[in-house]
Amino acid sequence: MAEVEETLKRIEAHRGVIGTIVVNAEGIPIRTNLDNSTAVQYAGLLRNLTQLARSTVRDIDPQNDLTYLRVRSKKYEIMVAPENDFLLIVIQNPCE
Amino acid sequence: MPVPNSNAAASVRKGSTAQKVPGAKSSKTASKKKDDEEGVDTGDGWDEWSHGKALIKPPDQLELTESELKEEITRILTANNPHAPQNIVRYSFKERSYKPTSVVDQMAVHFVLEGSLLHQDSDEARRLRAKEGLVEGTATVDTETEPDEEKPETPATPLEEVDEAGEEDRPDSVASKTDKKEPKVTNQFNFSERASQTLNNPLRWEIYDAYIEELQKQEKNKEKQKAAPSKKESDKSKKKMMLMETQNDDISKVGKASKTFERMANQNTFDDIAQDFKYFEDASDEFRDQEGTLLPLWKFQYDKAKRLSVTALCWNKKYQDLFAVGMGSYDFTKQGHGTLVFYSLKNSAFPEYIYPTSSGVLCLDIHAQHSHLVAVGFYDGCVAVYNLKEEGTEPVYKSTAKTGKHTDPVWQVHWQNDDMDNNHNFYSVSSDGRVVSWTLVKNELVFTDIIRLSLNGAVSEGPEGAQQPSIACGTSFDFHKQIDYLFLVGTEEGKIHKCSKTYSSQFLETYDAHSMAVDAVKWNHFHQKVFISCSSDWTVKIWDHTISTPMFTFDLNAAVGDVAWSPYSSTVFAAVTTDGTVHVFDLNINKYEAICQQQVVAKKKTKLTHIEFNPIYPIVIVGDDRGYITSLKLSPNLRKKPKGKKGQELPKGPEVEVAKMEKLLSLLREPDQSTV
């Protein structure tokens, strides 16, 4: 548990990383360094997107599964990983 | 007048119901007779109307007398069929006469309907059931295709919660049904009962998941049946564990993902380096006339080991992006703790594994087959074995004073092939003049002295006549790649001894290599006779082990810390010096000079201590005395393969490399005339 905590701290301290959010199975952010309203908004929106992406991947081949989803926009990159019903979200500005 | 009449009328009415005359006529006669009392009941208008009715009389009406009208006739209902004949007569052949049948069947059938119920166990029912089984099979196939056809029509995915709830309800009902009808296989996807039908539109992968779950349940049931009582207990305890886990809102569930995300974040930040590592080939090498360059890639640094210098480097053979770094200090006065760190190229910001040690690490080796075992030699003379798969920062094996640890720093360790009992073992060499073999037997580290290095190779006579063998200090060694028992040891006096594992008292041969300590000695990966040595006396020498003088000598203007052969060519090697320069040589191209001499560290005061080539990628890692590890990419000129003649296919493989080297050596050997 402490290792994961340390890893998340390091990610947050990494150059260009704006924030991290860990969302539990119920859709509630349990650990984040952003403000609550932003975190909740990200959690809600990305949950749906992840579901859709996962559904797409599995529809094509049911033995496959989604591991990571990276959405790159003009301002930053959002990285999402669904794992064990939890969701890990990292927002980074890649070119600083 | 009306009152007495009404009484009489009531009694006559009763009588009229008992008449045999049809009801319509009787009512008419009644009305004809009692028009007065009817008129009284309803009023005057009614009187005139009833008069009109009373006048009509059918012509064929029976004329009955008063007494006959009053006669009461009883009607009896019997169970006899009125249509049944009362006297059936049959001819009896026995008595040769007509005989009346005594009992006539009185049953009258009013209505017949053929029913479709069958008793379960009757033949007919069994036959039907068998037919039903076949029909069901074809029916399920039909219904399965339906969900697939529905799928493209559905636009949006249904909410997962609704689906889960739906699926949970179905298996329960389905389970009860399957018990009753065994040959019929029903599940929530092709079982359709109108009463419980909901619009589900299951997706292809939901169907797949449900089938996989069902399969796992069946397998579990089979296992349970095979080993019933003991497993039940373990299952209970497992169930408890499961409950505990699901209740925790633990972020350790995203452990794996967070590790990968750290790498992703690094990839984004150092995107250009990653691209260079993979794809960049310096095009200007064509114009550089045989010379090459080294492109700096990632830099690795561990915060807590800033004051330490890199004392050992080793690539992992199995996971070729993972390398081990031993950190300690070469300075006799500045001895403290040390660390063993593992880095991956995928994450240059933070090590993958960290092991702090009490004494400085001087050497390390990763096992070739079991890449989770790492042998480490320390400044205080101990050796230890770490298992990367184990949790915790302590080594799994460690030598102590009792178990034969060295009395001087251990300069080199090397894993060997498993011995006859399939135990892992490794060798170590130290300044105390011993070459020791350590075997991992169960929980212990068992040591065996292989050889004691003495100055003269044999027992020497001391000045007072006492026969005291003076001990040489071993500083490096290397084992032959093919010949198992053969190895080389470099000493502090500058000599290299060729030894055999089996002879403990004598050396096979001694080479007077250098004037100062031999820092590294390495066999060539391809050519079996060639080895290289480097020393603090500024020289690098290449030898043929059958010849006592060096084949090549190179002077590098500064103390050489380390030298390494490249894994892709028999004639390419690299050396690092204390002035921060990396020298790369290719004997095939230039026998006298380096084809690349490049400074890779910023400050001139930084000394480079070690260098290692990656087994598959064209990169080298260089460690320095400030605790930095720099990775460099070799430009194409440094990686040249021999060119074939026009039209000939380029030969590949180790034989080519061997041949290349042999050609070079043969040019040098002609004056020696020592080839066989």
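In this predicted model, B:Lys346 is partly exposed, with a relative accessible area of 47%. Buried means under 20% relative accessible area, exposed over 50%, and partly exposed in between (1.4 Å probe, protein chains only). B:Lys346 sits in the loop between strand 6 (338-344) and strand 7 (353-357) of chain B. Helices (H or I, at least four residues) and strands (E, at least two) are DSSP runs, numbered from the N terminus. Leaving aside residues up to four places away in sequence, B:Lys346 touches B:Arg263, B:Asn266 and B:Asp321. Contact here means heavy atoms within 4.5 Å. B:Lys346 and B:Trp298 are 48 residues apart in sequence, and their C-alpha atoms are 9.7 Å apart in space.

Residues are numbered from 1 along each chain as its sequence is written, while chains are lettered from A and ligands numbered from 1 in the order in which they are written. As the model is predicted, local features need pLDDT of at least 70, side-chain atom pairs count only at pLDDT 80 or more, and totals for chains, interfaces and linings use all residues; side-chain values use heavy atoms, with hydrogens and water left out.

B:Gly292 is buried, with a relative accessible area of 8%. B:Gly292 and B:Gln598 are 306 residues apart along the chain, yet their C-alpha atoms are separated by 9.5 Å. With residues up to four places away in sequence not counted, B:Gly292 touches B:Asp285, B:Ile595, B:Cys596, B:Ser635, B:Asn637 and B:Leu638.

B:His610 belongs to strand 28 (residues 608-613) of chain B. Its relative accessibility is 16%, so B:His610 counts as buried. The side chain of B:His610 makes two polar contacts described here: one with the side chain of B:Tyr330 (2.9 Å), and one with the side chain of B:Asp562 (3.1 Å). A polar contact is a pair of N or O atoms within 3.5 Å; within protein, one must be able to donate a hydrogen and the other to accept it, and residues adjacent in sequence count only if both atoms are side-chain atoms. Beyond four places in sequence, the residues touched by B:His610 include B:Val310, B:Thr311, B:Ala312, B:Leu313, B:Val576, B:Ile621, B:Val622 and B:Gly623.

Backbone geometry was also examined. Most residues other than glycine have a negative phi. B:Trp538 is not a glycine, but has a positive phi of about 75 degrees. B:Trp538 lies in the loop between strand 21 (530-535) and strand 22 (539-544) of chain B. At 41% relative accessibility, B:Trp538 counts as partly exposed. B:Asn557 likewise has a positive phi, near 65 degrees. The loop between strand 23 (552-555) and strand 24 (560-565) of chain B holds B:Asn557. B:Asn557 counts as exposed, at 58% relative accessibility.

Among contacts in chain B with a separation of 6 or more, 47% join residues 24 or more positions apart. Chain A has two helices and five strands. From the N terminus on, the elements of chain A run α-β-β-α-β-β-β. Buried residues make up 44% of the 96 residues in chain A. Of the contacts in chain A between residues at least 6 apart in sequence, 38% join residues at least 24 apart.

Helices of the two chains also meet. The axes of helix 1 (residues 2-13) of chain A and helix 10 (residues 255-269) of chain B come within 9 Å and cross at roughly 30 degrees. Axes are lines fitted to C-alpha atoms, for helices over the stretch in contact, and angles run from 0 to 180 degrees between N-to-C directions. Helix 1 of chain A and helix 10 of chain B are therefore roughly parallel to each other. Angles under 35 degrees count as roughly parallel, over 145 as roughly antiparallel, 65 to 115 as roughly perpendicular and the rest as oblique. The contact involves A:Val4, A:Thr7, A:Leu8, A:Arg10 and A:Ile11 of helix 1 of chain A, and B:Gly255, B:Ser258, B:Lys259, B:Phe261 and B:Glu262 of helix 10 of chain B.

The axes of helix 2 (residues 36-60) of chain A and helix 8 (residues 204-226) of chain B come within 8 Å and cross at roughly 75 degrees. That makes helix 2 of chain A roughly perpendicular to helix 8 of chain B.
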